[in-house]
Amino acid sequence: MSIDPSQFRHVLGHFPTGVTVITATLDDGTPVGFTIGSFTSVSLDPPLVGFLPMTDSARWAQIDGTGSFCVNILGADQGELCWRFAKTSIEQPFDGVPWQPSSITGSPVIDGVIAWIDCRIENVVEAGDHVFVLGRVLQLEHVPEASEANPLVFFRGKLGDFRLLS
């Protein structure tokens, strides 16, 4: 039985995902990053997280070479950042984007995110046209000013936010 790729994308588009920007700093100090919606918590003990970039992603290849990454969790008001880091046509997505280096790996923590998670790459596993990147959490923080902020959510091909019902 064959699954039609467009139907696969359409059906799975009905599953909402959070929006993150995965970042790292190259040896020459240049920041690199890309948008990913496939971020997930993996394990509490040891603390592990993961995400699934495309195998042919040039930005992922750069990050893989650094051995570390930072997950920047975007807030509902950061839709422009989502698209900026998602478009490969934008060669320097960090232009004009303020950030600070994480204290352990030096990976960029983008100003205004609602939380960030600094990691060392633990393992990379082939998964079809993607790879599963397993990261060991070294440091993490929710941003106190953003503690009441709603997260940015991707659903049916569009961005939105999440609001608690009660």
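Strand 4 (40-43) and strand 5 (residues 48-51) run antiparallel and are joined by 3 bridges; strands here are DSSP E runs of at least two residues, helices H or I runs of at least four, both numbered from the N terminus. Across this pair, Ser41 sits opposite Val49 of strand 5. The model is a predicted one, with local features needing pLDDT of at least 70 and side-chain atom pairs pLDDT 80 or more, while totals for chains, interfaces and linings use all residues. Residues are numbered from 1 along each chain as its sequence is written, and side-chain values use heavy atoms, leaving out hydrogens and water.

Zooming out, there is an open sheet of 7 strands, ordered 3-2-6-9-10-5-4 with antiparallel pairing (a pair needs at least two DSSP bridges). Strand 3 and strand 4 form the edges with a single partner strand each, so one side of each lacks a neighbour in the sheet. On average, neighbouring strands are turned by 35 degrees against each other, direction ignored.

Helix 2 packs on this sheet, with strand 9 (115-127) and strand 10 (130-142) among the strands it touches (contact means heavy atoms within 4.5 Å). Its direction makes about 120 degrees with that of strand 3, taking axes as lines fitted to C-alpha atoms, for helices over the stretch in contact, and N-to-C angles from 0 to 180 degrees. Helix 3, meanwhile, lies across strand 2 and strand 3, at about 110 degrees to strand 3.

In helix 3 (residues 79-86), the buried residues are Gly79, Leu81, Cys82 and Phe85 (under 20% relative accessible area, 1.4 Å probe, protein chains only). They line one face of the helix, because they fall within an arc of 160 degrees seen down its axis, judged by directions from the axis to the C-beta atoms. Their packing partners include helix 2 (58-66) and strand 8 (108-110).

Technical notes: Buried means under 20% relative accessible area, exposed over 50%, partly exposed in between (1.4 Å probe, protein chains only).
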